[in-house]
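Reader: Hi, I've got a structure to go through and I'm new to this. Can we take it piece by piece?

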Amino acid sequence: MNSATTIGRNGVQDWIIQRVSAYVLAFYTLFLIGFFVTTDVDYPSWSALFGQAWFKIFTLAALLSIGAHAWVGLWTVSTDYIKSAMQRFLFQAAFILVIFVYVVWGIQIIWGL
C-alpha cells in the first residue's frame, strides 16, 4: 500500500521502524533504570548526566523513536478501524500535530534552545 501518511514507503519499512524504535526505547529505559538503581539521584547527578553530549544524543534518539513508534502505531490502528476518510484524516492530522509538538518541545528541553 502506497500512502503519503506512512513513514516508510511500504509495510516492511514501517515494520522495521517499529522494531528499531522499540529497541532504542528499551535500551534507553534499561539505561535509566540502571542509572536510578546505581546512583543516588539528585539534581547535580541528573544535571551531570544530561550535561554529556552522548546522553543528549541518546535522549534525542529515544525522543525521535517515541515519535516514529507512535506514528506508525497510530497510523496502523486508524487505517484499520476508522473507515471514514475524513474522520481518519482528522484523527491522523491531530495526532501528527501532537507528536510534532512533543518532539520539538523535547528538542528544546534537551538542547536548551
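Predicted model: local features only at pLDDT ≥ 70, side-chain atom pairs only at ≥ 80, totals over all residues.

Author: Let's start with a helix pair. The axes of helix 1 (residues 11-38) and helix 2 (residues 43-50) come within 12 Å. They cross at roughly 145°.

Reader: Is the crossing of helix 1 and helix 2 left-handed or right-handed?

Author: Right-handed, as helix 1 passes helix 2.

Reader: Which residues make the contact?

Author: From helix 1, Tyr28, Phe31, Leu32, Phe35 and Phe36. From helix 2, Ser45, Trp46, Leu49 and Phe50.

Reader: And how do those contact residues divide into nonpolar, polar and charged?

Author: Eight are nonpolar and one is polar. No charged residue takes part in this contact between helix 1 and helix 2.

Reader: How many residues line the largest pocket, and which lie nearest its centre?

Author: The lining has 14 residues. Nearest the centre are Leu63, Tyr102, Val103, Trp105 and Gly106.

Reader: Which helix gives the largest share of that lining?

Author: Helix 4, with eight residues. Helix 4 covers 85-111, and both helix 3 and helix 4 supply at least two lining residues each.

Reader: Let's look at helix 3 then. Where is serine 78?

Author: Serine 78 sits in helix 3, which spans residues 53-81.

Reader: Why does serine 78 count as buried?

Author: Because its relative accessibility is 1%, and buried means under 20%.

Reader: What is serine 78 in contact with?

Author: Leaving aside neighbours within four places in sequence, serine 78 contacts Arg88, Phe91 and Gln92.

Reader: What about alanine 62, buried or exposed?

Author: Buried. Alanine 62 has a relative accessibility of 3%. This alanine also lies in helix 3.

Reader: Which residues does alanine 62 touch?

Author: Val24, Leu25 and Tyr28, not counting residues up to four places away in sequence.

Reader: How far apart in space are alanine 62 and alanine 22?

Author: 9.3 Å, C-alpha to C-alpha. In sequence, alanine 62 and alanine 22 are 40 residues apart.

Reader: Now leucine 64. Where is it found?

Author: Leucine 64 is in helix 3 too. It is partly exposed, because its relative accessible area is 44%, and that class runs between 20% and 50%.

Reader: And how far is leucine 64 from glutamine 18 in space?

Author: 12 Å, C-alpha to C-alpha. Along the sequence, leucine 64 and glutamine 18 are 46 residues apart.

Reader: Last one: tyrosine 81. Buried or exposed?

Author: Exposed. Tyrosine 81 has 66% relative accessibility, so it passes the mark of over 50%. Tyrosine 81 belongs to helix 3.

Reader: How far apart are tyrosine 81 and isoleucine 110?

Author: In space, 35 Å, C-alpha to C-alpha. In sequence, tyrosine 81 and isoleucine 110 are 29 residues apart.

Definitions and conventions:
Residues numbered from 1 in each chain as written. Heavy atoms only, no water. Axes fitted to C-alpha atoms, helices over the stretch in contact; angles between N-to-C directions. Helix = DSSP H or I, 4+ residues; strand = E, 2+ residues; numbered from the N terminus. Left-handed = near helix turned anticlockwise from the far one by under 90°. Contact = heavy atoms within 4.5 Å. Nonpolar A, V, L, I, M, F, W, Y, C, P; charged D, E, K, R; others polar. Buried < 20%, exposed > 50% of the residue type's maximum accessible area, 1.4 Å probe, protein only. 1 Å grid on protein atoms, 1.4 Å probe; cavity = no way out; pocket = protein on both sides within 12 Å on 5 of 7 lines; lining within 4 Å.
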